[in-house]
Structures are given as C-alpha cells and as structure tokens.
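Me: I would like to learn how to read helix packing and chain symmetry from a set of coordinates. Could you walk me through it with an example?

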Amino acid sequence: MEDRKKENQSMQVMKEGKFFAFLLESLKGISQIIYLENVITGLLILLAITVSSFSLGIIALLSAMIGTLVAKVGGADKILVSKGLMSYNSVLSGLVLQTFLTGPYAWIVALVGAAITAVITATLMYFLGNFDIPILTLPFILFTWFVLLSSYKLDSIKLSDSLSPQSLANWELHIEGKINLLRAAFNGIGQIFFVTEAIPGLLLFIAVFWASRKMGIYSVIGNVVACLITLALGGEHTLIMLGLYGYNAILTILAVSVVYNKKENRYAPITGVVAACMTVPLMASVSIWLLPFGLPALTMPFVLSTWLILGARKVLPNL
Amino acid sequence: MEDRKKENQSMQVMKEGKFFAFLLESLKGISQIIYLENVITGLLILLAITVSSFSLGIIALLSAMIGTLVAKVGGADKILVSKGLMSYNSVLSGLVLQTFLTGPYAWIVALVGAAITAVITATLMYFLGNFDIPILTLPFILFTWFVLLSSYKLDSIKLSDSLSPQSLANWELHIEGKINLLRAAFNGIGQIFFVTEAIPGLLLFIAVFWASRKMGIYSVIGNVVACLITLALGGEHTLIMLGLYGYNAILTILAVSVVYNKKENRYAPITGVVAACMTVPLMASVSIWLLPFGLPALTMPFVLSTWLILGARKVLPNL
Amino acid sequence: MEDRKKENQSMQVMKEGKFFAFLLESLKGISQIIYLENVITGLLILLAITVSSFSLGIIALLSAMIGTLVAKVGGADKILVSKGLMSYNSVLSGLVLQTFLTGPYAWIVALVGAAITAVITATLMYFLGNFDIPILTLPFILFTWFVLLSSYKLDSIKLSDSLSPQSLANWELHIEGKINLLRAAFNGIGQIFFVTEAIPGLLLFIAVFWASRKMGIYSVIGNVVACLITLALGGEHTLIMLGLYGYNAILTILAVSVVYNKKENRYAPITGVVAACMTVPLMASVSIWLLPFGLPALTMPFVLSTWLILGARKVLPNL
C-alpha cells in the first residue's frame, strides 16, 4: 500500500512539472564536484564541458540525472539528494568512461556506470560515516578502476588507446618540455572535469569565483603552487602542461583550507598549501603504482592528501 | 585452576562420545559455505566433493574439524561454533590449497592453513563487526592469496602448474569456444567447492534444494543470469563453461535476496539479480588485477558485490 | 592572544634549557621502536646506529626531534609525545630514506619525510583508534612505499641501486648459501634499525636487555625460531643471513607475548612464538607482492601478524 502510494507520488512529481526541481538537483550534483551547491555554477561547468566536447556535456547532464534518480528511488535522505551530494560521483564516472572508453557501447557503459556509482556512493558513505570522514571522490575512482580493468576480459568494453599497461622494469623518466604556467593553470582546473583547453578552463574559474571569491582565490593558489613544486621536484613537464599535477592540488586546498575546516584554524591556509604540495609526490607514486595496469590516477592523490590532513586534525588539532 | 578444569572438560568431551556432536558441528561448517546450517546438506556437499576427488573430500572434513577445534580451544562464542560459522572458511582454505598446491607437503600446508584460517576468521569478525557487515569468505580469500604468493620464496611450498603470473602488457583476449548452458550451470555451483563435473554439480544442487527450495531456485537463477550476461558482455566462453562466471553469482544472489535481507524488501529479488550480474565485470577486473601475480580471483567478486549492496542498503533502504 | 601566548611559551621552552627535556622525549622516540620508553635504551640504539654509519646516526636523532616537534606544534596529547609514541615512526622513515635514497638531496627528503610521517602517525592513530588496535609501524611503512614509488616520476628523488622492480613471471628461487645462526641473529635485531653488523647488533641486544630482561629473552627466542622455520620452509639462505627473516619475528613476539598482552594469558608465550613463525610466510608473500614495484617489505609482516593475533583475541580470548 505504502509503496504503491509512493509510486503514485513519484508519477505526480513528473506530471506536476516538478521535473524542473529534479533538474536543479542534478545541476547541483555537477557543482558539488568542487564542493559547491550552486545551480549557476553547475550550469557554467556544464557549459565549459559542452564547449570542449558536445557528447561529454550530454553525458555529464544525463549522469547527474541518473545519479539523482537512483538515490531518490533507493530512498536516500532527501536533503543529501537535494544538495547534489548523492550524484556528483555519478557525473565524474560518466565523464571518465566517455573519455577512456571507445566503441559503439561506450555511452551505455557510461550511463549504467553513473547508476552503479550512485550505489557505491551510498556504500562508501555508510562505511566511512563511522569515521566521520567525507567520501570525497572515492566512489568514482574505485568504480572507474574496476571498469577499466574489466575491459581486458570483456569484449564489449573497449579501451581507448590512451591507456596502456607498462612494466615498471622498463620505465624511463624524461622530464624535458616547454612550460607555460598560464596554460598549465587552465588545464589544471579543466582536468577535474576531463577537459583541457583555455576557454573551458576560463569558464570553470568563473564558475568557482561566481559562487565564492575565497574558493576561487584558493583554487588559483593551489594550482600554481603545485605546478611550481612539481618543477622543483623534477616532474615531467608535459604532464605539468596538461594540468595533471594541478587538479588534485585545487581540490585538496579547497577541502583542507575551506570546506572541511570547521573551526577557524590560524594555520588552515598553510596546512592547505602543504596538503596541495603533497598531492605532487602522491600523484607520482599513485601513477607508478598503477603503471603495470595502465590505469589513470584520477583524483586519488587528492583523496589521500585530504584524508591525511582531516584524520590528523583529530589528533593534531592545530593543523 | 579454571583453565585446568576446562582442559579436563575438553578431555571428557572426547571420552563421553561427544565427538559425535563435534562431527555434526563440523558438517554444519561445510554447509555454511552456502549459508546453511544443515547437517544433511553438509553430508551431501561432502559426498559431492568426495565423488569428484577422494583426497579433496578427506581434506574438506579434516579442515572443518580443525577449524571447529581451533575456535573451541580459542574460546569462541559457543553458538557461533555450533552453527558452523567459525569453520566454513577453514574448509575452503583446505580445499583451495589441496587444489592449487602440489608436492609431498601440500596436505600439511592445507591442514595448517585450515587452522590459521580459523584465526583470521576471528580477526576479521572483530574488524568488520564494527560495521555490522558479515565477513563472508574474506578470511579464506586473503589467506589463500598470501600462501600462494609465499610459495615463490619458500621452496617447500610448491604451486601446481595451473597458476602462472603474466604481464598485462602481453595480455590478449580470445573469447571463442562452444557454449553448453547446462554444463556451465553444474560447473558454476561446483566451482564454489573447487569441483567441476556434472554428478557433483547435481549433488550440490540437491544439497541446496534439500535445505531450502527458495534458495535452490535463487541459486539456479543467479547462475544462469550470470552466464547470459557474460555472453552478452563478451566474456571468454571457456571460462563460462568452467563455471567461473557462475559461482560468485550464486553466492551473491543468495546473500542479497535471501540470507541478509532482513526486512522483506519488495525490490530484494531484483537487487539480488542486479548484484549477481555485477559479479561478472567484478570477476573480470579482479582477475586482471591479479594477473601479474598469477592468483585466482576466488570468491572476491562475490564479497565485493555483496558488501556493495549490504552497505548501500543502510543509506538506500529500498534496495 | 592565546596563540601569541603559546608562541612565547615555546620560545621560553628553548631559552630556559627545556631543550634537554625535548631531547629526552626524542630519545624515547628512538626506544619506542621496540616498545620501550627508556632514555638509556634510546641512547644505546643511537650509539649502535652511529657505530654502523655516522650519517645514519645523525639522521636518526634529527628525525626523532622533528617528529616530536611536529607533534608538539600540531597540539598532540602531551603524554603521548613525552612517551615518544608520536615520533618513533619518524625515526624509522628518516633511517629508511637515508638508506634507500641517494644523491645530494637525500637527507632533505629524509628530514621532510620525518615531519610528514608524524602527520601520518596522527592520521592512522585516529583511524585505527576506532578499532582499539595499535598503529605499530604502519605510518612509516606506507610513507616509505609512497616516497620510493614517487622517485620513478620525480627527477630530484634518486633511488639507490639496491632496489629494482622485477616481473614475477621472470622470478627464479635460489635458496643455496652458507648459514651462521649467530650472525643471522645479530643482523636480525639490526635490521629493525637498518644496520647489519655484529657490534651494532650486540649493542641493540644490550639496549633491550637493559630495559627489560623478559623482552630481551623473548627477542632472542623470536629471532632464532624464525630463522629455523625459514630454513625448514626452504627460504633463501642469503636473506636469513642478512637478518631479513628475523626482524619481523622479534617485533611480533614482543608485541604478542609482552607489550599488548594485557590479561596474563597462559597461552600468550606460545601464541607469540606462533605469530613470530607466521612472519616468515608473510615476509615471503609481502616481498613477492612488492616485487613488480621493487619495494622492500619493511615491517609489514610484523604489522599483519600482530594485528591478526590482537584482532583474533577479541573473539578467541584464550589466544
């Protein structure tokens, strides 16, 4: 009875034009990738992605809607859903699969993946909830690694050529290459959403500044500091230029200095910069760890660096 | 004093013919591999294993007894022991080591392994107890991986030829092969116990149906659905025929739809089928992840898929 | 105001000669590597390291001081700091990086590493605190693996030649070699601190016996038993001679039989010997697992074996 009633209600949701509310929640899911609950930011991000690739933009919106829908049907806490917190990982999974898979079924895998990621989001929320630690982008990371690995045994899932396993025994480091810090910075924020050009990068900075000037400034600082540290430590210049040493730093400095900094610590800005710097060696080591499997590091360095600080703060409160 | 008293008691257990009760507990340990606390089911499973290989049958019974004994001597909760919940992982460890090891000492390693697995069972019960999540077959999986890896550095532990490490960079997928769904189904249930023929498979289905018709039907559904999904996704036909895409699905659908489904969810049968389907890509990715180490995936896909749903249900109660 | 006040206080600490107290805490950090809170033991260990290598001794002392300082500045519990429990992992990180890195910046990486390890110590204390399980040397292990892996992508961090990745597919086992149990025993205790000679080994045994005769005796037993088990299982004789099958056994038997054995179990000495024996196959499998990455197993076998028993005791209280 109760269930039947619920079903009728959800039918009405569609009919009464509450589809618009659902769309807003989905856009918030897009903006939550950078911790913001802001429809305009979500729209600007969607625009930036669509400018870079039309199909990527479509997948982003559909993934956000699928993630939101799974959370609603599954009976998730309504506040969490309306803030976009149940669906931002689904957006990332849709984007990454559309980027790294090829062949005629890639978009089906991407959309089914968005649905499964919403379930993984719930699972990890439960497991990490015991520790009072945010799940960040872990559901998307784990899901992506599993799907990419499964492609080697399942003929219907085709990897694009950009990923190839390599033995560490054959690895050689070549760091040479030109450096242009401005382009590296635009690509850095773009890489969060799997895009790599100046216009989308600019739009993304605007999207963040629109919602919060403070967060905009921090994201620029984190990005630039990480690029400089990578240069100092002797990282590959081509990767710096692609923004691959910047995107984890942006997400980390925002998490450590702004979003999860409840008590106003005097040292929080410094801790955030240190955490952003730590994503650089973490990016290097996670990449090497994944080398034999040909997997991308995604935002794992950000997750590790942020958890490191958030966990340490419980024991070292001055951080 | 107390301890001395306990020791005398355990001596009496043997003397007073309570050995029979101990034997029943051990048989329940065998039936608990598929969640059943049923002596007849345990006997039928033991028969199925023994029909397939006499030495495997002996190891199964001895491992169950060793696991039960370690739990008793260690002072485990008596109800857990009597239900067979402390020893089913030991049975699996004994079976897997007898299957994958060779040389004159293999059976010693298998029996010592059964004892150590009982300790690992206790450890993981403690760690996962905090999360209100069942340990499933994780103790057996972790233990097996560790022993198989250690064989490369210890001359007295010899691997059989069926396991060999391979670089993912050299991997090629060939999915061709004949398909016979009936044989695949019998092998699917057989693979849970490391056997692969029609008669043992039939006996195992009888063992499950004997204890619970509902569970019997679900195990057939999970098995067949997983084989069909694997065909659709383009998995290797030879592996489907060996039942290697079916055994995780059987365990998963039973866990999700029947055993750990406390509140009668309307969607639980569907969720169970979806979870069974998810074991297919999970089997693919876990296998690839283990490829450089030459390790078998065992029941890890089942553990991951089941935890995924059981954890998600705490946040998405309608699943 | 409050913060300014604190700063003045910490200035005074230096001025009023409280630097001496700080030095004592740092020496306790060195002795805590083998669970002891004893300044003389700390000094003897420092002497043993310095005898083996002067630069290693300097790094050990500086790392202990840095770890203690980070914990103080971070606002850690004062009792934990004064017992040396916040800094022993920093000492190990400093030692291992000085051992495995080369090039002009190695010592900077080692000292910065000591600081970061203090933060990781805090993080893991928080996460494992929920389980009532000690962190042991896990912070040092995880940190070291991450830094060593990152060296492949960062030109400024140079690995020494002793570490090289190798495909398991090309692995061949050769166990031949002379055995001298006495030298193996001295090297076994030395390897805890990355030294491998008779005089430092002797000094280290004296350091342990000085603080506790009971712990001294157990450390000899664990060491010798592990060497004999490795011989029996067919481990590489060269590794036994280097003490590489002994150091984990020493740490494990001390943890299981003495340090974390709150209730006086009758079986605790036996359990400790069994746990020490289990470090042997664990050392073998962890080494093979790390082979493709060219990483050392460090004290991971000790951590796994000790957690196994400490966790199991919660369910099997007689262990």
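Reply: Happy to. Let's start with a pair of helices in this predicted model. The axes of helix H2 (residues 19-31) of chain B and helix H4 (residues 54-74) of chain B cross at roughly 110 degrees and come within 8 Å. Angles of 65 to 115 degrees count as roughly perpendicular, and therefore H2(B) and H4(B) are roughly perpendicular to each other.

Me: Which residues of H2(B) and H4(B) make the contact?

Reply: On the H2(B) side they are Phe19(B), Phe22(B), Leu23(B), Glu25(B), Ser26(B), Leu27(B) and Ile30(B). H4(B) answers with Ala60(B), Leu61(B), Ala64(B), Met65(B), Thr68(B), Leu69(B) and Lys72(B). Sorted by class, this contact has ten nonpolar, two polar and two charged residues.

Me: What is the crossing angle of H6(C) and H7(C)?

Reply: Helix H6 (residues 88-100) of chain C and helix H7 (residues 106-129) of chain C cross at roughly 150 degrees, and their axes come within 8 Å. An angle over 145 counts as roughly antiparallel, so H6(C) is roughly antiparallel to H7(C). The crossing of the two is right-handed. H6(C) contributes Asn89(C), Ser90(C), Ser93(C), Gly94(C), Leu97(C) and Gln98(C) to the contact, while the residues from H7(C) include Trp107(C), Val109(C), Ala110(C) and Gly113(C). By class, the contact of H6(C) with H7(C) has six nonpolar, eight polar and no charged residues.

Me: And how are H14(C) and H15(C) oriented?

Reply: Helix H14 (residues 268-290) of chain C packs on helix H15 (residues 300-313) of chain C at an angle of about 140 degrees, with the axes 8 Å apart. That angle makes H14(C) oblique to H15(C). Their crossing is right-handed. Among the contact residues are Ala268(C), Thr271(C), Ala275(C) and Met278(C) of H14(C), together with Met300(C), Pro301(C), Phe302(C) and Arg313(C) of H15(C). The contact of H14(C) with H15(C) divides into twelve nonpolar, three polar and one charged.

Me: Can we zoom in on single residues? Which residues does Val109(A) contact beyond its neighbours within four places in sequence?

Reply: Setting those neighbours aside, Val109(A) is in contact with Leu97(A), Leu101(A), Val147(A) and Ile157(A). Val109(A) sits in helix H7 (residues 106-129) of chain A.

Me: Now for symmetry. What relates two copies of a chain?

Reply: In general, two copies are related by a rotation about an axis and a shift along it. In this model, chain A superposes on chain B by a rotation of 120 degrees with 0.0 Å of shift along the axis, at an RMSD of 0.0 Å. The two copies are thus related as by a three-fold rotation axis. Within chain A, Ser167(A) has the C-alpha nearest the axis, 4.4 Å from it. Chain B superposes on chain C by a rotation of 120 degrees with 0.0 Å of shift, again with an RMSD of 0.0 Å. In chain B, Ser167(B) comes closest to the rotation axis, at 4.4 Å (C-alpha).

Me: Why do we say that chains B and C meet through different surfaces?

Reply: Because only 10% of the interface residues of chain B are also interface residues in chain C.

Me: Lastly, which element of chain A has the lowest mean pLDDT?

Reply: Helix H1 (residues 2-15) of chain A does, at 57, whereas helix H8 (residues 138-150) of chain A has the highest, at 97. Where pLDDT is low, the predicted coordinates should not be read in detail. Chain A averages a pLDDT of 92, and 94% of the residues score at least 70. For the complex, the predictor gives an ipTM of 0.91 and a pTM of 0.93.

Terms used
Residues are numbered from 1 along each chain as its sequence is written. Chains are lettered from A and ligands numbered from 1 in the order in which they are written. This is a predicted model: local features need pLDDT of at least 70, side-chain atom pairs count only at pLDDT 80 or more; totals for chains, interfaces and linings use all residues. Side-chain values use heavy atoms; hydrogens and water are left out. Copies are superposed by least squares on the C-alpha atoms of residues with pLDDT of at least 70 in both. Axes are lines fitted to C-alpha atoms, for helices over the stretch in contact, and angles run from 0 to 180 degrees between N-to-C directions. Helices (H or I, at least four residues) and strands (E, at least two) are DSSP runs, numbered from the N terminus. Angles under 35 degrees count as roughly parallel, over 145 as roughly antiparallel, 65 to 115 as roughly perpendicular and the rest as oblique. A crossing is left-handed if the near helix is turned anticlockwise from the far one by less than a right angle, and right-handed if clockwise. Contact means heavy atoms within 4.5 Å. Ala, Val, Leu, Ile, Met, Phe, Trp, Tyr, Cys and Pro count as nonpolar, Asp, Glu, Lys and Arg as charged, and the others, Gly among them, as polar. pLDDT is the predictor's confidence in each residue, from 0 to 100.
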